[in-house]
Amino acid sequence: MKKIKISPSILAGDFSNLGSEIKKLEDGGADMIHVDVMDGHFVPNLTIGPPVIKSLRKYTNLPFDVHLMISPVHKYIQNFSEAGADIITIHPEATKNVKDSVDLIKSLGKKVGLSLNPDTQIETIEKHLKDINLVLVMTVYPGFGGQKFISKILDKIKSLKKIKDEKNLNFEIEVDGGINFENNKLVIDAGANILVSGTTIFKDNNGDIKKNIELLKS
Ligand code: DX5
Ligand code: ZN
C-alpha cells in the first residue's frame, strides 16, 4: 500500500499562536507543514511572508511545504528559500518563465512544485513534469480555507497519475482544498499521495489533530 502523507495547512490555525500550532501538528503526526502565502493580487486574500516563516522555522524540523499564491513570484523565491522553505510550489500563471523559476528553486537546493488551479489544464505544465518534485492539484479556487471540494477535479488527478505511470516519472501528487473524511479516499484512489488539509485537521472532532490526521490517512 502506498504511503499517504498529510500536510496540514496552518491557514486554519490560530495566527496569534502559530509556533504552538506547529508543535501540535508535529505531535499529531503531520508529515510536513503546508504554508499558504497569499498576496491579495494573485488571489483575493493576504496572509504571511518570509519573516513569519523564518520565525516559525525553530518550532519544528518537519519540512515546510510552502504554497506561493503570489505574482510575480520569481523575484521572491530566494527570500522564501532563505526563510526556511523546503518545498516551494508556484503557479505557472504567476511567472513569466516557468522553466526559469523551476530551475531557480532547484538551484537553491529546494524541492519544487507546480500547482494547477481548477481551470488550469495539465498540458500547461506537462513539459516540466520530468523536472519537478510534485504537482499541487487545487481542488478549490485558491484564496481561502474552508471551501467546498470540487469533485470534478478527480478526473484531473486520475489523468495526472496516468501520465506519471506511463512516463515513469517521480513527481508526487498533492491535493489542496476542501479535503475531508468523505473525499480523502476518493483523492487517494485517484492517485494523490499527499493531502493538504486545514479546516478538517484543526476543527473536526473538536480539534483532535492526531485523530484527524490518522483518519485522513486511512
Ligand atoms: C487555499 C489554500 C489551502 C487551504 C486548505 O487557497 O491553498 O491550502 O488553506 O484549507 P481547507 O482544508 O480548509 O480547504
Ligand atoms: Zn495551499
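V137 stands opposite V175 in β7. The model discussed here is predicted.

Visitor: How many bridges join strand β6 to strand β7?
Guide: Strand β6 covers residues 134-138, and strand β7 covers residues 172-176. V137 has V175 in β7 opposite it. The two strands run parallel, and the number of bridges joining them is five.

Visitor: Which are the edge strands of the open sheet?
Guide: The open sheet has eight strands, with parallel pairing, in the order β1-β8-β7-β6-β5-β4-β3-β2. On average, neighbouring strands are turned by 25 degrees against each other, direction ignored. An edge strand here pairs on one side only, and this holds for β1 (5-8) and β2.

Visitor: At about what angle to β1 does helix α8 run?
Guide: Helix α8 comprises residues 209-217. This helix lies across β1 and β8 (194-197). Its direction relative to β1 is about 135 degrees.

Visitor: What is the geometry of the site of the zinc ion (ligand 2)?
Guide: The protein donors are H34 (NE2), D36 (OD), H67 (ND1) and D176 (OD), lying 2.1 to 2.3 Å from the zinc ion. The site has six donor atoms, with angles of 69 to 167 degrees among them. Six donors count as octahedral if opposite ones are over 155 degrees apart and all others between 65 and 115. The site is accordingly classed as octahedral.

Visitor: How many residues apart in sequence are the parts that D36 and H67 tie together?
Guide: Along the chain, the zinc donors follow the spacing H-x1-D-x30-H-x108-D. D36 lies in strand β2 (residues 33-38) and H67 in strand β3 (residues 64-69), so this pair ties together parts whose separation in sequence is 31 residues.

Visitor: Are D36 and H67 buried or exposed?
Guide: A residue is buried when its relative accessible area is under 20%. D36 has 7% relative accessibility, and H67 has a relative accessible area of 0%. Both values are under the cut-off, so D36 and H67 count as buried.

Visitor: What is the radius of gyration of the protein chain?
Guide: The chain has eight helices and eight strands, and its C-alpha trace spans about 45 × 35 × 30 Å along the principal axes. For 218 residues the globule rule gives 17 Å, and the chain's value is close to this, so the chain is as compact as a globular protein of that length. The radius of gyration is 16 Å.

Visitor: What percentage of the contacts between residues at least 6 apart in sequence join residues at least 24 apart?
Guide: Buried residues make up 54% of the 218 residues in the chain. Among contacts between residues at least 6 apart in sequence, the share joining residues at least 24 apart is 64%.

Key:
Residues are numbered from 1 along each chain as its sequence is written. Chains are lettered from A and ligands numbered from 1 in the order in which they are written. This is a predicted model: local features need pLDDT of at least 70, side-chain atom pairs count only at pLDDT 80 or more; totals for chains, interfaces and linings use all residues. Side-chain values use heavy atoms; hydrogens and water are left out. Donors are N, O and S atoms within 2.8 Å of the metal (3.2 Å for Na, K and Ca); water is not among the atoms, so sites may look incomplete. Four donors count as tetrahedral if all angles lie between 85 and 135 degrees; four count as square planar and six as octahedral if opposite donors are over 155 degrees apart and all others between 65 and 115; anything else is irregular. Helices (H or I, at least four residues) and strands (E, at least two) are DSSP runs, numbered from the N terminus. Buried means under 20% relative accessible area, exposed over 50%, partly exposed in between (1.4 Å probe, protein chains only). Two strands pair if DSSP finds at least two bridges between them. Axes are lines fitted to C-alpha atoms, for helices over the stretch in contact, and angles run from 0 to 180 degrees between N-to-C directions. Contact means heavy atoms within 4.5 Å. The radius of gyration is taken over C-alpha atoms; the globule rule is 2.2 Å times the number of residues to the power 0.38.
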